[in-house]
Amino acid sequence: PVTDYHWKHIKKLSQVTPHLLDEIEHFFGCYKDLEDKIVKINGWGKRTETFNYLKKAYKRYEKNTGN
C-alpha cells in the first residue's frame, strides 16, 4: 500500500522483517484449509517473477470475465 504510512517505505522484500514474511507465508499456506484445497508454498521469488504471475493472472481474469 503506497499511501499507507506503515508500509510505504518498503520498496524491496529485504525490507520486510523475517517474522512478517513467516506470517504471510503461513496465511497463504492455510487460508484454503476450510475449502479442503491444497496450497503449495514455493517460497519468495524475485520481483520479476511476481510481475509475470500478475500479468498472467490479469490475462486469465480478462479472458474469464470478458473485461
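1. Basis. The model is predicted, so local features need pLDDT of at least 70 and side-chain atom pairs count only at pLDDT 80 or more, while totals for chains, interfaces and linings use all residues. Residues are numbered from 1 along each chain as its sequence is written, and side-chain values use heavy atoms, with hydrogens and water left out.

2. Overall form. The protein chain has 2 helices and 0 strands (DSSP runs numbered from the N terminus: H or I of at least four residues for helices, E of at least two for strands). Its radius of gyration is 15 Å, well over the 11 Å that the globule rule gives for 67 residues, so the chain is more spread out than a compact globule. That radius is taken over C-alpha atoms, and the rule is 2.2 Å times the number of residues to the power 0.38. Along the principal axes, the C-alpha atoms fill a box of roughly 35 × 30 × 20 Å.

3. Of the 67 residues in the protein chain, 3% are buried (under 20% relative accessible area; exposed is over 50%, partly exposed in between; 1.4 Å probe, protein chains only). The chain exposes about 6700 Å², and carbon and sulfur atoms supply 58% of this area (Shrake-Rupley method, 1.4 Å probe; for residues, only the protein chains shown count as cover).

4. Aromatic residues. The whole structure holds 3 aromatic pairs (ring centres of Phe, Tyr or Trp, the last by its six-membered ring, within 6.5 Å; planes under 30 degrees apart are stacked, over 60 edge-to-face, the rest tilted). One of them, phenylalanine 27 with tyrosine 31, is stacked, at 5.3 Å centre to centre and 25° between the planes. Phenylalanine 28 and tyrosine 31 have ring centres 5.5 Å apart and planes at 80°, so this pair is edge-to-face. Phe27, Phe28 and Tyr31 form one aromatic cluster.

5. Phenylalanine 27 is partly exposed at 46% relative accessibility, as phenylalanine 28 is at 41% and tyrosine 31 at 39%. Tyrosine 31 lies in the loop between helix 1 and helix 2.

6. Aspartate 36. This residue lies in the loop between helix 1 (18-30) and helix 2 (47-65). Aspartate 36 has a positive phi of about 55° although it is not a glycine. Most residues other than glycine have a negative phi. At 72% relative accessibility, aspartate 36 counts as exposed.
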